[in-house]
Amino acid sequence: MSIRRTTKAARGAVAMASAVGLALVVAGCGGGDGGTKGTDGDKPPARSTAPKGSDPGSPAADSDKVIGEMKGPDGVVVTLHSVVRDSGGFVTVNGTVSNHGNRAFNAIDWRSNETELRSRSSISGATLVDKAGKKRYLVLRDTSGECLCTTGLSGLMPGGSRPIFAQFPAPPAKVTQVDFQLPTMPPASVQITD
């Protein structure tokens with residue numbers, strides 16, 4: 001065999017080994033489900049886009065503090081714990097949704113009407129209303145179109161509760177009183193704190 005053919009064969013073997021190695025690395029690091037399949041067996045469980053450091057199963061921040069309450073159909077109650085103005089130019093609403101009814105609750109009616117929104121059961125339809133300034137603030141979105149709010153809010157069984165949150169653009173600093181609204185629920189007047 002000539003040196004040219006030997007070199008060419010060696011390059012081909014190195015390329016093949018690299019491709020196999022890369023395939024093994026991708027398979028090892030890939031999106032395996034890690035044994036966390038949802039109830040239907042082929043979907044991962046719903047996720048909640050929660051603020052950093054929060055656990056979807058834990059109570060909302062300051063859950064002992066109640067600044068507002070909204071009672072809706074079928075025994076669904078939303079308890080608001082805080083409405084905080086952050087230095088980044090937004091307002092974060094934290095609360096808890098509880099199911100006091102006798103059937104599972106899905107937040108499908110609480111989503112916004114946007115067609116490009118990814119999550120089907122979220123509180124993306126929530127709004128903050130500045131009645132004095134006559135302005136309505138919608139839930140913020142990230143760069144992939146997901147709301148900066150609780151998502152995957154489905155299958156809340158009777159007697160169960162879950163923390164919720166939503167982030168909005170901040171109204172002007174002089175605005176301290178707003179109404180928090182969710183579709184199918186009466187509004188709750190709340191105070192914004194810094």
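Predicted model: local features only at pLDDT ≥ 70, side-chain atom pairs only at ≥ 80, totals over all residues.
## Ground rules

Buried here means under 20% relative accessible area, exposed means over 50%, and partly exposed is anything in between (1.4 Å probe, protein chains only).

Residues are numbered from 1 along each chain as its sequence is written, and side-chain values use heavy atoms, with hydrogens and water left out.

## The disulfide

Back to Cys147: it pairs with Cys149, with 1.9 Å between the two sulfur atoms. That makes a disulfide (a pair of cysteine sulfur atoms within 2.5 Å), and the structure holds 1 of them. Cys149 also sits at 0% relative accessibility, so Cys149 counts as buried. As for handedness, the torsion about the S-S bond of Cys147 and Cys149 is about -70 degrees, so this disulfide is left-handed.

## The main core

In soluble globular proteins, nonpolar side chains tend to be buried together. A nonpolar core, in this report, is a set of buried Ala, Val, Leu, Ile, Met, Phe, Trp, Tyr and Cys residues joined through side-chain atoms within 4.5 Å. The largest one has 31 residues, and the members touching the most others are Val78, Val97, Trp110, Phe168, Phe180 and Leu182. At least two residues of this core come from each of strand 2 (76-86), strand 3 (90-99), strand 6 (161-169), strand 7 (177-181) and strand 8 (188-191). Strands are DSSP runs (E, at least two residues), numbered from the N terminus.

Asn94 belongs to strand 3. Its relative accessible area is 14%, so Asn94 is buried. Beyond neighbours within four places in sequence, Asn94 is in contact with Leu80, His81, Ser82, Ile164 and Phe165.

Pro186 is found in the loop between strand 7 and strand 8. With 39% relative accessibility, Pro186 counts as partly exposed. Sequence neighbours within four places aside, Pro186 is in contact with Met70 and Lys71. The C-alpha atoms of Pro186 and Glu69 are 9.3 Å apart, although 117 residues separate them along the chain.

How values were computed
Helix = DSSP H or I, 4+ residues; strand = E, 2+ residues; numbered from the N terminus. Contact = heavy atoms within 4.5 Å.
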